[in-house]
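Hi,

Here is the model I said I would pass on. Have a look, and my notes follow below.

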Amino acid sequence: MKEWMKNVRQVVPYVPGEQPKETDIIKLNTNENPYPPSPKVQEMCSRIDDLRLYPDPAASRLVDAIADYKGIGRDQVFVGVGSDDVLAMSFLTFFNSGRPILFPDITYSFYDVWAELFRVPYETKALDEDFRIRPEDYYGENGGVIFPNPNAPTGILMPLAAIRDILDHNRDVVVIVDEAYIDFGGETAQSLLADYDNLLVVQTFSKSRSLAGLRIGYAMGSPELIRALSDVKYSFNSYTMNQPSILLGAASIEDEPYFRETTGEIIATREWFKEEMRGLGFTFPDSRANFLFVTHESVPAREIFEAARAEKIYLRYFPKERIDNYLRITIGTREEMERLLAFLREYLGR
Ligand SMILES: *Cc1c(COP(=O)(O)O)cnc(C)c1O
C-alpha cells in the first residue's frame, strides 16, 4: 500500500436511487413529486438577477419566508442545500459526546454513512415485527437520537405522544426528527419545539414541494441549536445557498393553495393505490408518506423489481436484511399508478 493511502479517509458512500437518462419511463424509485413546482416558481425564474454577486450568506429572504409560514422566529430556522446538507451539518454540530447515537436498523440509509464519515459512534435499534419504532429502545444513555417521521422506507408515522416520550427520556442530548415526508398526512413535531430546546425538526422542499432539483432543506429548533448550526456552516462554506434557490424557494412557500392541492392529490392517489395493491396480493405497513413499502404473498420482490425495470417502470429495491423481499414504490400521478397496476396484473397473472 502506498504510504499516503494510510492518510486517506475511507468511506462507503450512500447510494442514491437510479436517475435513468431515458425519457419514456415511469419513475417511481426516488420519491420525487410527479407534479411540477408551483407556477409561482416558474414565474420567479425569469426574475432571477444579480448572479454576478455572492448570495446573501444568511439566505434571509428564504429564512424569513419559512419563519413567517411556520409562525416561528427567524432565529429558529436554518436552511441548507437539501435536508441532506442540513442533516450532515447537524451530525457534525450535535453528535460530539463520544457516546453512541441511536437510530432504527431500518431507516434512511444516509444516517450510518454520516456517522462513519464524521466518526460518530452509533447503535441501531431494531424495529418491532410490524416495522414500528419502539420508543423504549431510545431511553438509555446515548449521544443523540435521530429518526425520520414518517420512517423511511416503511412510511409508518409515529404519533406525537411517542415522540414526546422519546424527548422526555432524552433531555441531555439533541433529538432530530427528520420530517422529509410529513406533508403527506402526518402531524409535525413543530408544536413540541416550545417544550424542548434540544429538539431539531428537519423538513425539505424536495418531496412535497416538487423541488428536489433545487436542493432546499431546513431545520427548525431553539435559537441555541440554530446558532450552533450556523456557526458550523460558516466555518465550512458561507455561500451554500445559491441565489436561485433563495428566490425560488421563497416563491414556493408563498403558494399555499397549490401546495395543498398537489399534496392532497398524492394522498388521494396513495389511498386508492393501497386498495388496488391489496387486491393483487400485496401487503404493506400503513404509509403516511408519498410511497408504499410492499411485499407480495408469493412473488419475490427482486423479481418484480427486475421485471418492472425491463418495462421501464423504476421502483426501489434494497438488498438489505429484513427488507430484501420488499419494494418501495413512489406515489406518482394516478395515470402512472394505473400503468404500474396494469403491468402488475399481467405479470402476476391476475
Ligand atoms: C429524501 C430524504 C431526505 C433528503 O432530502 P433532500 O432532497 O436532501 O432534502 C432526508 N431524509 C429522508 C428520510 C428522505 O427520504
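How many positive and negative side chains does the protein have, and how far apart do the centres of the two sets lie? There are 39 positive and 54 negative ones, with the two centres 3 Å apart. Lys and Arg count as positive, Asp and Glu as negative, while His and the chain ends are not counted; each charge is placed at NZ of Lys, CZ of Arg, CG of Asp or CD of Glu.

Before you go further: this is a predicted model, where local features need pLDDT of at least 70 and side-chain atom pairs count only at pLDDT 80 or more, though totals for chains, interfaces and linings use all residues. Residues are numbered from 1 along each chain as its sequence is written, and side-chain values use heavy atoms, leaving out hydrogens and water.

On the overall build, the protein has 10 helices and 13 strands (DSSP runs numbered from the N terminus: H or I of at least four residues, E of at least two). Its radius of gyration is 21 Å, close to the 20 Å from the globule rule for 350 residues, so it is as compact as a globular protein of that length (C-alpha atoms; the rule is 2.2 Å times the number of residues to the power 0.38). Buried residues make up 55% of the 350, buried meaning under 20% relative accessible area with a 1.4 Å probe, protein chains only.

Strand β5 (residues 145-148) runs parallel to β6, joined by four bridges (pairing takes at least two DSSP bridges). Val 145 has Val 175 as its bridge partner in β6.

Cheers

Notes
Buried < 20%, exposed > 50% of the residue type's maximum accessible area, 1.4 Å probe, protein only.
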